[in-house]
Amino acid sequence: MDFVIIGGDAAGMSAASRAKRNQPELNVMVLEKTTDVSYSACGMPYNIADEARDIEDLVVRKASVFVDKQGINVMTGHPVDQIDPNQKTVSGTSVDGKAFQRHYDKLLIATGASPVLPKIPGIDLPGVFPLKSLEDGRRVKAFLYDHNVRRVVIIGMGYIALEMCEAFYKRDIKVAMVKPREQFLPWMPEDMAAVIKSDLEEHDVHIHTGQAIEKIDYQNGVYHVVCRNMVLEGDMVLVAMGVRPNSQLAIQGALALGPNDAIAVDKFMNTSQKDILAAGDCADAFHVVTGQRAWVPLALRANRAGWAAADTVLGNPTEIEGIAGTAAFKVFDLQVARTGLTVEEAASAGFNPESVIIQSRSKAHAHPGSSTIWVHMVGDKTSGRLLGAQMVGREGTAHRINAVAVALQNQMTVSHFSQADLAYAPPFGPVWDPTLTAANQLVKKL
């Protein structure tokens, strides 16, 4: 059997490795458009922050290792531009200009996502960069090395944008951030978002919201991000406005799409077309709270979905339950985490949401070094179900959110979660864990 995989990062290589390990005689081919497979994209801001670190440290495993040690036929520089479900072929033109066509018995689309780039003049200037692929990371780091970059303008205020503020700060580069929308972090209560915004401003990050961006130009060695009401100047521009799923092949192959035009898959990673599967950031998932399709591109889901796709191809379909949208990121000394639904998302999904915001401590009150933790917890007034949470703090936040994620996975009520037997010791938290304090307060409101 010929198992062809389009895309060689998290989902694609997880699927390839699992399939070959469980069925060594299987003919597994990976077609990857870039020269890179299996790397840690999430580590790029932290790598860029350290001028001495080699960007190649982020490579988990080179293509040659998959070929030599596992017998997987990895073909880099092979972008696929057409799928023919009737003939069961994929085709394209390699980077050296040679046309290719490959037959498949089973096909996995694992094409990931691409950065959202505004359609404005100057977006393709040499000093304007996205940061999604490892090649993007190479280009950014090389530009910083080759140029005397002292000011950067970041367009966007998502996870990568915020992480890159710290990366540039560590390299003594001043940052201005700009975005068209008015709200700084629209998925977080304003009081908690203000904590993050204040911390950024304390590190000399200038934040400009509600600014429509009209163009980027380059004059006299300076990049100008021209907005409707202002002009921001920098030696480089980073565009970090989020990503969109690479579902063009699915559209061309008449596959069904889900939210945000991600490829619609069932819980076994099958698409609407026989013998074609999809996994990773290009595919949707089912949300464990709403039960509805959702698109939240995250690393754990990509790897898990790659495994599930391989199992399905080998005739051992394994259902994966879905996602809660659990995420965490670091902004200077702050840890920011979220899981489940916001109040607005809960209302849109048909729930009757109620929420609380509490302030607690990261350690017992008499233990030295304690700091504030903010918790926003959301529940449903009709059923009592726990629906989601967001947290901000200087320590103990990123891992605490996992308890709420497990509760969401098991559809616990707020009351049930408030009875969870969580660990206590003075160096790690108060007797009443901050998540339990939030749950106790929310129970009263429900």
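Among contacts in the chain between residues at least 6 apart in sequence, 63% join residues at least 24 apart. The model is predicted. Its secondary structure comprises 12 helices and 25 strands. Along the principal axes, the C-alpha atoms fill a box of roughly 65 × 60 × 40 Å. Of the 446 residues, 54% are buried. The accessible surface amounts to about 19,900 Å², with 49% belonging to carbon and sulfur atoms.

In the whole structure, 20 salt bridges were found. One of these joins Arg394 and Asp199, with the closest N and O atoms 3.4 Å apart. The two residues are separated by 195 residues, Arg394 being in the loop between β25 (386-393) and α10 (401-409) and Asp199 in helix α6 (residues 190-202). Arg394 is partly exposed, at a relative accessible area of 39%, whereas Asp199 is buried, at 3%.

A salt bridge is also formed by Glu354 and Lys445 (3.4 Å, N to O). Because Glu354 belongs to strand β23 (residues 353-361) and Lys445 to helix α12, this pair ties together parts 91 residues apart in sequence. Lys445 is partly exposed, with 43% relative accessibility.

Asp433 and Arg400 form a salt bridge at 2.7 Å, N to O. Asp433 lies in the loop between α11 and α12 and Arg400 in the loop between β25 and α10, so parts 33 residues apart in sequence are tied together. Both Asp433 and Arg400 are buried.

The loop between α11 (414-418) and α12 (434-445) also contains Val431, which is exposed at 55% relative accessibility. Val431, Tyr424 and Trp432 make a nonpolar surface patch of about 350 Å².

Notes. Residues numbered from 1 in each chain as written. Predicted model: local features only at pLDDT ≥ 70, side-chain atom pairs only at ≥ 80, totals over all residues. Heavy atoms only, no water. Patch = residues over 30% accessible without salt bridge, like charges linked within 9 Å, V, L, I, M, F, W, Y side chains within 5 Å. Areas by Shrake-Rupley, 256 points an atom, 1.4 Å probe, with all protein chains shown as cover. Salt bridge = Lys/Arg side-chain N within 4 Å of Asp/Glu carboxyl O. Helix = DSSP H or I, 4+ residues; strand = E, 2+ residues; numbered from the N terminus. Buried < 20%, exposed > 50% of the residue type's maximum accessible area, 1.4 Å probe, protein only. Contact = heavy atoms within 4.5 Å.
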